[in-house]
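Hi,

Here is the model we talked about, with the sequence alongside. Have a look when you get a minute, and then read on for my notes.

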Amino acid sequence: VLLLAALHDLVLADPSVPAARWYPSVVGRAAVPSQRDAWPDVRATLLGHAGTIRHTIATRSTQTNEVNRATYLATMLALGCADVDRPVALLELGASAGLLLGVDRYAVELTSQDGVLTLGDGTSSVRCHGRLAATGGVPPLVLPRVVSRVGLDLDPVDLTDAREARWLKACLWPDIPRRIERFTSAVEQLIADPPHLMTGDLIDDLPRAADEALRRAEAEGTTDA
């Protein structure tokens, strides 16, 4: 997995390498060659840039921020807060770049036997898709108002650092439809108003992170989050 991420990072950084033409994340899905023998180009790229690949593998670890996980988070938030009329302070453990902390800013479309339910901002360019397996109807759900967003991670990612954001993209599978596009849209949306990310352990530093989430909620004039 780390080798594939290192190769993906290389083609994102240098679209002129031979393997880049096989990556939808670089050339677009329609421009990927129709023949399916990518190995000669991949091999040539790996051998031609072996030093770079080795350095990336030696200094990086895989780190993902799959935005479509917002389908689970949105459903949980909506159900958990259905009978509580109060704002929410979000605290994510293992937040990476904190993209899931923007859950209410995305269009989260949940398909069920009753149709499609959209949570969050239906006009958002970030489109998340999931399927509700429940039978017997789905109650009307809405997301609570989010008043603070704090993420805790051993190695949080600063979205304003183009190289770090590129590594997050490199850790995504490039050939899964909409995944790269959804990630790019989420980064563009959150970078203007990012969540507050803290460096720390999810056990030892949990009290500190929770205090910060509540402090930020209070700074927004909210005392009952």
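Some housekeeping before that. This is a predicted model, so local features need pLDDT of at least 70 and side-chain atom pairs count only at pLDDT 80 or more, while totals for chains, interfaces and linings use all residues. Residues are numbered from 1 along each chain as its sequence is written, and side-chain values use heavy atoms, with hydrogens and water left out.

**Helices**

Helices (H or I, at least four residues) and strands (E, at least two) are DSSP runs, numbered from the N terminus. Helix 1 takes in residues 2-13. The expected span of a helix is 1.5 Å times one less than its number of residues. For the 12 residues of helix 1 that gives 16 Å, and the end C-alpha atoms are 16 Å apart, which agrees.

I call a residue buried under 20% relative accessible area, exposed over 50% and partly exposed in between (1.4 Å probe, protein chains only). In helix 1, the buried residues are Ala-5, Ala-6, Leu-7, His-8, Asp-9, Leu-10, Val-11 and Leu-12. What covers them? The cover includes helix 2 (24-27), helix 3 (39-48), helix 4 (50-59), helix 6 (162-170) and helix 7 (179-190), where contact means heavy atoms within 4.5 Å.

Helix 4 has Ala-50, Ile-53 and Thr-56 buried. These residues lie on the same side of helix 4, because they cover an arc of only 130° around the axis (the arc is that of the directions from the helix axis to the C-beta atoms). An α-helix has 3.6 residues a turn, so residues three or four places apart point the same way. The buried residues of helix 4 pack against helix 1, helix 3 and helix 6. On the face turned away from that buried side, helix 4 carries the exposed residues Arg-54, Ala-58 and Thr-59.

**Salt bridges**

A salt bridge here is a side-chain nitrogen of Lys or Arg within 4 Å of a carboxyl oxygen of Asp or Glu. By this rule the count comes to 12.

- Arg-60 and Glu-164 meet at 3.0 Å, N to O. The pair links distant parts of the chain, 104 residues apart, with Arg-60 in the loop between helix 4 and helix 5 (70-80) and Glu-164 in helix 6. Arg-60 is partly exposed at 23% relative accessibility, and Glu-164 is partly exposed at 25%.
- Arg-182 pairs with Glu-66, the closest N and O atoms being 3.6 Å apart. Arg-182 lies in helix 7 and Glu-66 in the loop between helix 4 and helix 5, so this pair ties together parts that are 116 residues apart in sequence. Both Arg-182 and Glu-66 are buried. Glu-66, Arg-179 and Arg-182 are linked in a network of salt bridges.
- Glu-109 pairs with Arg-127, with the closest N and O atoms 2.5 Å apart. Glu-109 lies in strand 2 (residues 107-112) and Arg-127 in strand 4 (residues 127-131), so the pair ties together parts that are 18 residues apart in sequence. Glu-109 counts as buried at 17% relative accessibility, whereas Arg-127 is partly exposed at 29%.

**Arg-149**

Arg-149 sits in strand 5 (residues 146-153). Is Arg-149 buried or exposed? At 13% relative accessibility, Arg-149 counts as buried. Its side chain makes a polar contact with the side chain of Asp-104 at 2.6 Å, and also reaches the backbone oxygen of Leu-101 at 2.6 Å. (A polar contact is a pair of N or O atoms within 3.5 Å; within protein, one must be able to donate a hydrogen and the other to accept it, and residues adjacent in sequence count only if both atoms are side-chain atoms.) Not counting residues up to four places away in sequence, Arg-149 touches Leu-90, Leu-101, Gly-102, Asp-104, Arg-105, Pro-195 and His-196.

**Pro-15**

Pro-15 is in the loop between helix 1 and helix 2. Leaving aside neighbours within four places in sequence, Pro-15 is in contact with Ala-20 and Val-26. Pro-15 and Val-27 are 12 residues apart in sequence and 8.3 Å apart in space, C-alpha to C-alpha.

**Cysteines**

The structure holds zero disulfides, a disulfide being a pair of cysteine sulfur atoms within 2.5 Å. The sulfur of Cys-81 is 18 Å from the closest cysteine sulfur, in Cys-128, too far for a bond. Cys-171 is in no disulfide either, and the nearest cysteine sulfur, that of Cys-128, is 19 Å away. Cys-171 is buried, with a relative accessible area of 12%.

Cheers
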